[in-house]
Amino acid sequence: MSSLWYASVTIFVKDLRSELRTRYSLNSLLMFVITTLSVILFSLGSENVSSDVLSGVLWIIIFFSTMSGLSRSFVSEEERGTVMTLQLTARPLAVFFGKLLFNTVLLAALNLLTVTLYLLFITNFVVQNYTIFITTMGLGTIGLASASTILAAIIAKANTKGTLYPVLSFPILLPLLLTVINATKMSVEGAAVYEAFSEFQILISYFIVITTISYLLFEFVWKE
Amino acid sequence: MLGKTILGVWLSAVILVAFSFPMVHHPSEWYQFPVIPGLEDKARILFFHVPMSWTAVVAFILAMGYSIRYLVKKNMDDDIKSASAAGLGLVFCILATVTGSLWAKFNWGSFWNWDPRETSIFVLLLIYGAYFALRSALDVEERKATLSAVYSIIAGVTVPFFIFILPRIVASLHPEPIINNRGKIDMNTTMLVVFLCSLAGFTALFFWMWHLKVRTERLALVHQTEGE
């Protein structure tokens, strides 16, 4: 067990290092978030949009940043031609958990940025219950990351990777998106924490189900 | 040959009956349907829309089952069966969405309302669409089969979540269309019989079409491998 953990962390560190070394993708992701947020701000103008709508918009931004950024973990391996080396040197599960860890950390950083900017610049969006909000963000992030990782592994082997990724992801992520948007609405309306428990239950079970099924199916995707 | 003919006659009879049996307020004869207040003749959609959505779901479960079988046994035949089921499921799903949408227009005044049933059939449509988009983006047969099998399993696993989530999210919208209403109202015997016949007929239609498609695809595969 510890060797699996060690191998996964090694792959995570490798990915982290290569991303930090070149920074192309990190910069473009950063710009993506800023650009999308600017478009939203321009289109809202001085209008008073209800916080319900704003909760949805926040998750639209997060969803599309996920779609831009999280496929890189597998697609970059294909592009650089390092897939075979990775297949030979690491166990499939180590690759899976390493990439999952990388995607989670990347998404957590992206979401932190998005949420901070969103709260700063969109004045109508005021969170009343921070416990619900932070828990939703946390559970939403890990859920998004786990689904995106297995799907990234699938599309990395396909032809039209870029356009295929959102097409495949949307039906799978829909339960998650509906639940987090609902929970975010609750946090803005100032609901009590216990009212959001069923949402949290759904998010936790989604994460467990998706991670388990990905773990079981990853070898089929990864091996030729 | 005989099976095909029986199926043809059966479904034609169902369609004829669904449209011709009169709807009266107090059915006295065996061939009369009761009038449901507010629905009247529009209730006839029950005989077509529900079996179609049912078949679309059965097709998906079948596709998923054969996907699992393919991953375990790596038999290309299972992939053919899975993809054919998905193809037909897509057709039935489109039909179910369109008939449902038309009915919604006549009953509630708008084509689409995002209530739980509508949303779930739409999600099923998205899953089918994504499945075929994935298949068309892969060239190598074996990879196509493996990856689409993996995707259909992942998609199948997320479907149960909708059953729990949707009623909570869209509780404020319209009441359920026909299915749940029917569940609560005791269906008149005549209607029930016609409905079950329609359900059986559409399911049989699906299996017949599926059988044909699988045979065609098998021949196509043989033709392709011989050509290489």
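**Note on a predicted two-chain model**

1. Start with helix 4 of chain A, residues 72–80. Its buried residues are Arg72(A), Ser73(A), Phe74(A) and Glu77(A). These buried residues pack against helix 1 (2–22), helix 2 (24–44), helix 3 (51–69), helix 5 (83–89), helix 6 (92–121) and helix 7 (130–155) of chain A. After helix 4 of chain A comes Gly81(A), with a positive phi near 75 degrees. Bear in mind that the model is predicted.

2. Chain B has a mean pLDDT of 82. In that chain, 84% of residues reach 70 or more.

3. Now the layout of chain B. It has seven helices and two strands. Read from the N terminus, the order is α-β-β-α-α-α-α-α-α. Chain B has 228 residues, and 32% of them count as buried. Take its contacts with a separation of 6 or more: 76% of them join residues 24 or more positions apart.

4. Where do the chains meet? On the chain B side, 24 residues are in contact with 24 residues of chain A. Helix 4 (116–136) and helix 5 (141–169) of chain B each supply at least two residues of this side. Helix 5 of chain B gives the largest share, 15 residues. By class, the side of chain B that touches chain A has 21 nonpolar, two polar and one charged residues.

5. Look at one helix pair in chain B. Two packed helices are described by the angle between their axes and the distance between the axes. Helix 3 (residues 76–108) and helix 7 (residues 189–227) of chain B have axes that come within 9 Å and cross at roughly 135 degrees. Helix 3 of chain B is therefore oblique to helix 7 of chain B. The crossing is right-handed. Helix 3 of chain B contributes Met76(B), Ile80(B), Lys81(B), Ser84(B), Ala85(B), Gly87(B), Leu88(B) and Phe92(B) to the contact. From helix 7 of chain B come residues including Phe206(B), Trp210(B), Lys213(B), Glu217(B) and Arg218(B). By class, this contact has 10 nonpolar, two polar and four charged residues.

6. The axes of helix 7 and helix 9 (residues 197–222) of chain A come within 9 Å, crossing at roughly 20 degrees. Helix 7 of chain A is therefore roughly parallel to helix 9 of chain A. Their crossing is left-handed. Among the contact residues of helix 7 of chain A are Leu139(A), Gly140(A), Gly143(A), Ala147(A) and Ile150(A). Helix 9 of chain A supplies residues including Phe200(A), Leu203(A), Phe207(A), Ile210(A) and Trp222(A). The class count is 16 nonpolar, seven polar and no charged residues.

7. Stay with helix 7 of chain A and find Ile155(A), which has its place there. Is Ile155(A) buried or exposed? Ile155(A) counts as buried because it has 28 C-beta neighbours inside 10 Å. Setting aside residues up to four places away in sequence, Ile155(A) touches Ser71(A), Lys161(A), Leu164(A), Tyr165(A) and Leu168(A). Ile155(A) and Val75(A) are 80 residues apart in sequence, yet their C-alpha atoms are 8.0 Å apart in space.

8. Finally, check two backbone angles. Arg23(A) is not a glycine, but its phi is positive, about 60 degrees. Its place is the loop between helix 1 and helix 2 of chain A. Arg23(A) counts as exposed because it has 10 C-beta neighbours inside 10 Å. In chain B, Lys74(B) is not a glycine either, and has a positive phi of about 55 degrees. Lys74(B) lies in the loop between helix 2 and helix 3 of chain B. With 13 C-beta neighbours inside 10 Å, Lys74(B) counts as partly exposed.

Key
Residues are numbered from 1 along each chain as its sequence is written. Chains are lettered from A and ligands numbered from 1 in the order in which they are written. This is a predicted model: local features need pLDDT of at least 70, side-chain atom pairs count only at pLDDT 80 or more; totals for chains, interfaces and linings use all residues. pLDDT is the predictor's confidence in each residue, from 0 to 100. Two residues are in contact if their C-beta atoms, placed from the backbone, lie within 7 Å. Helices (H or I, at least four residues) and strands (E, at least two) are DSSP runs, numbered from the N terminus. Ala, Val, Leu, Ile, Met, Phe, Trp, Tyr, Cys and Pro count as nonpolar, Asp, Glu, Lys and Arg as charged, and the others, Gly among them, as polar. Axes are lines fitted to C-alpha atoms, for helices over the stretch in contact, and angles run from 0 to 180 degrees between N-to-C directions. Angles under 35 degrees count as roughly parallel, over 145 as roughly antiparallel, 65 to 115 as roughly perpendicular and the rest as oblique. A crossing is left-handed if the near helix is turned anticlockwise from the far one by less than a right angle, and right-handed if clockwise. A residue is buried if 20 or more other C-beta atoms lie within 10 Å of its own, exposed if 12 or fewer, and partly exposed in between; C-beta atoms are placed from the backbone.
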